[in-house]
Amino acid sequence: MSVRTSDRLLSPVRGGLSPHAAHGAAWNTDVPLTQVVILAAGMGTRLGRSEPKPLTPLRDGRSILQRQIDCLRTVLGEDTPITAVVGFRSETIMAAVPDLLFTYNQNFACTNTSKSLLRALCTSRHGGVLWLNGDVVFEPALLELVLPSLVADESFVCVDTSTVADEEVKYTLDDAGYVRELSKTVVGGLGEAVGINYISAADKPMLIGHLERCADNDYFERGIETAIQERGLRVRPIDISRYAAVEVDFETDLHRANTMIPGTAALLADVADVAAEAG
């Protein structure tokens, strides 16, 4: 199987060509050249499926990963460079989406998202990076909401202020309205981080340094939080609560994600009506 790695993306740029020339295809001129990373190396044991969690099928027939790719390319452009960090059953994922770029976290079984993101950022080209967890299902309109911050090259974390569950990553703000704390242990959280984030070109070296210091079992949010506390990293929270975004960890999450798909809510209502009549 022929597989591309992110190093192939880097070589033309390092050779002096523009990113546009490196890709050849026309870009959406309304959207900045944005490199995207999808963290898809984890084992996803909580969902209890045989396939890697990003390949979990949704009700419309697409996998979580394919739906992410379609949403990204619809909003950011068909030629948006997307790199997947793979580990667990990597060949299965690469075969499912062979047009992506790939980087490999060989320690996927004993490390967490901090090390997968570190791997991706270290192999990225110059510029900011938009990244998302490989198990988040979201409305494409959410990406339209963050476009101004992408254009401004401003680091951000997408948050949902409508829910603050104990087991999720929560956040608080400083007096200027930037993120102060970002972890699962935050007390008095204002909402949840949804797993879609951006680091600016200027801030990326700082985040890389703090991800390097993270313990193997740390989530990437730990690197963001220590960079905020120790280096004054400024990360803006973008409230996406008007749009649906679900991180699929359990079957109940998958059910919620499926209700986001057009036509699914009506289908589920019909099923419920039939079941009620049968009962």
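Helix H7 (residues 204-213) packs against helix H8 (residues 220-231) at an angle of about 115°, and their axes are 8 Å apart. Axes are lines fitted to C-alpha atoms, for helices over the stretch in contact, and angles run from 0 to 180 degrees between N-to-C directions. Helices (H or I, at least four residues) and strands (E, at least two) are DSSP runs, numbered from the N terminus. The crossing of H7 past H8 is right-handed, that is, with the near helix turned clockwise from the far one by less than a right angle. On the H7 side, the contact (heavy atoms within 4.5 Å) is made by Met206, Leu207, His210, Leu211 and Arg213. H8 contributes Phe220, Gly223, Ile224, Thr226, Ala227, Glu230 and Arg231. Six of these residues are nonpolar, three polar and three charged. Ala, Val, Leu, Ile, Met, Phe, Trp, Tyr, Cys and Pro count as nonpolar, Asp, Glu, Lys and Arg as charged, and the others, Gly among them, as polar.

The model is predicted; local features need pLDDT of at least 70, side-chain atom pairs count only at pLDDT 80 or more, and totals for chains, interfaces and linings use all residues. Residues are numbered from 1 along each chain as its sequence is written, and side-chain values use heavy atoms, with hydrogens and water left out.

H7 also meets helix H5 (residues 113-122). Their axes come within 9 Å and cross at roughly 140°. H5 is therefore oblique to H7. H5 passes H7 in a left-handed crossing. Ser114, Lys115, Leu117, Leu118, Leu121 and Cys122 of H5 touch Lys204, Leu207, Ile208, Leu211 and Glu212 of H7. This contact holds seven nonpolar, one polar and three charged residues.

The largest pocket has a volume of about 750 Å³. A pocket is an open set of points on a 1 Å grid over the protein atoms alone, where a 1.4 Å probe fits, with protein on both sides within 12 Å along at least five of seven lines; lining residues have an atom within 4 Å of a point. A volume is the space filled by probe spheres set on the points. Of its 32 lining residues, Arg46, Lys53, Asn112, Thr113 and Tyr219 are the closest to the centre. Strand S2 (35-40), H5, strand S10 (192-199) and H8 each supply at least two lining residues.

The second largest pocket holds about 340 Å³. Thr163, Glu192, Ala245, Val246 and Arg256 are the closest to its centre among 21 lining residues. Its lining has nine nonpolar, four polar and eight charged residues.

Methods: Angles under 35 degrees count as roughly parallel, over 145 as roughly antiparallel, 65 to 115 as roughly perpendicular and the rest as oblique.
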